[in-house]
Amino acid sequence: EIYIWSDINMKCIYCENEMKEVTKDYKDDLITVTNVKHLICETCNEVYFYAKDMDKILSKLNKVVSHD
């Protein structure tokens, strides 16, 4: 599941613990996107992407998928 969030001071919807903002490269089997800012729960590792960063991921993924 992918969650998009805009509030940096949020709590995890699963365990209700604090989220930490990090910037890392997003990698999967098809693409790599550098410098993706997101929130991660330090307790259960749930990840929440910011809308603009999710747009970068989806845009790059759509380009790869549409060329197959």
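I began with K56 and D53, which sit three residues apart in helix α1 (residues 51–66), so about one helical turn separates them. A reminder to myself: this is a predicted model.

**Entry 1: the K56–D53 pair.** I looked at the two side chains and found that they meet in a salt bridge, with N to O at 3.3 Å. The cut-off for buried is under 20%, so D53 counts as buried.

I then asked which residues D53 touches once those up to four places away in sequence are set aside. The contacts are N35, V36 and K37.

**Entry 2: the rest of α1.** I checked the length of the helix next. Its 16 residues, at 1.5 Å a residue, should span 22 Å, and the end C-alpha atoms are 22 Å apart, which agrees.

Which residues of α1 are buried? I noted D53, M54 and I57. They cover an arc of only 100° around the axis, which puts them on the same side of α1. On the face turned away from that buried side I found the exposed residues K52, D55, N62, K63 and S66.

**Entry 3: the other salt bridges.** How many salt bridges does a search of the whole structure find? It finds three, and the K56–D53 pair is one that I have already noted.

Another joins E18 to K11, with the closest N and O atoms 2.7 Å apart. I looked up the accessibility of both partners: E18 is partly exposed at 47%, and K11 is partly exposed at 46%.

E42 and K20 also form a salt bridge, their closest N and O atoms being 3.9 Å apart. E42 lies in the loop between β3 (32–41) and β4 (47–49) and K20 in strand β2 (residues 19–27), so this pair ties together parts that are 22 residues apart in sequence. For accessibility I wrote down 57% for E42, which counts as exposed, and 41% for K20, which is partly exposed.

**Entry 4: the nonpolar cores.** I turned to the interior. In soluble globular proteins, nonpolar side chains tend to be buried together. Which residues make up the largest nonpolar core here? There are seven: M10, C12, M19, L39, C41, Y48 and Y50. Apart from this core lies another, of six residues, including I31, V33, V36 and I57.

Two of these names were already in my notes. I57 is one of the buried residues of α1, and V36 is among the contacts of D53.

**Entry 5: aromatic rings.** A pair of aromatic rings is described by the distance of the centres and the angle of the planes. My count came to one aromatic pair. The rings of Y26 and F49 have centres 6.0 Å apart and planes at 80°, so the pair is edge-to-face; the angle needed for that label is over 60 degrees.

Note on methods
Residues are numbered from 1 along each chain as its sequence is written. This is a predicted model: local features need pLDDT of at least 70, side-chain atom pairs count only at pLDDT 80 or more; totals for chains, interfaces and linings use all residues. Side-chain values use heavy atoms; hydrogens and water are left out. A nonpolar core is a set of buried Ala, Val, Leu, Ile, Met, Phe, Trp, Tyr and Cys residues joined through side-chain atoms within 4.5 Å. Buried means under 20% relative accessible area, exposed over 50%, partly exposed in between (1.4 Å probe, protein chains only). A salt bridge is a side-chain nitrogen of Lys or Arg within 4 Å of a carboxyl oxygen of Asp or Glu. Helices (H or I, at least four residues) and strands (E, at least two) are DSSP runs, numbered from the N terminus. The expected span of a helix is 1.5 Å times one less than its number of residues. The arc is that of the directions from the helix axis to the C-beta atoms. Contact means heavy atoms within 4.5 Å. Rings of Phe, Tyr and Trp (its six-membered ring) pair if their centres lie within 6.5 Å; planes under 30 degrees apart count as stacked, over 60 as edge-to-face and the rest as tilted.
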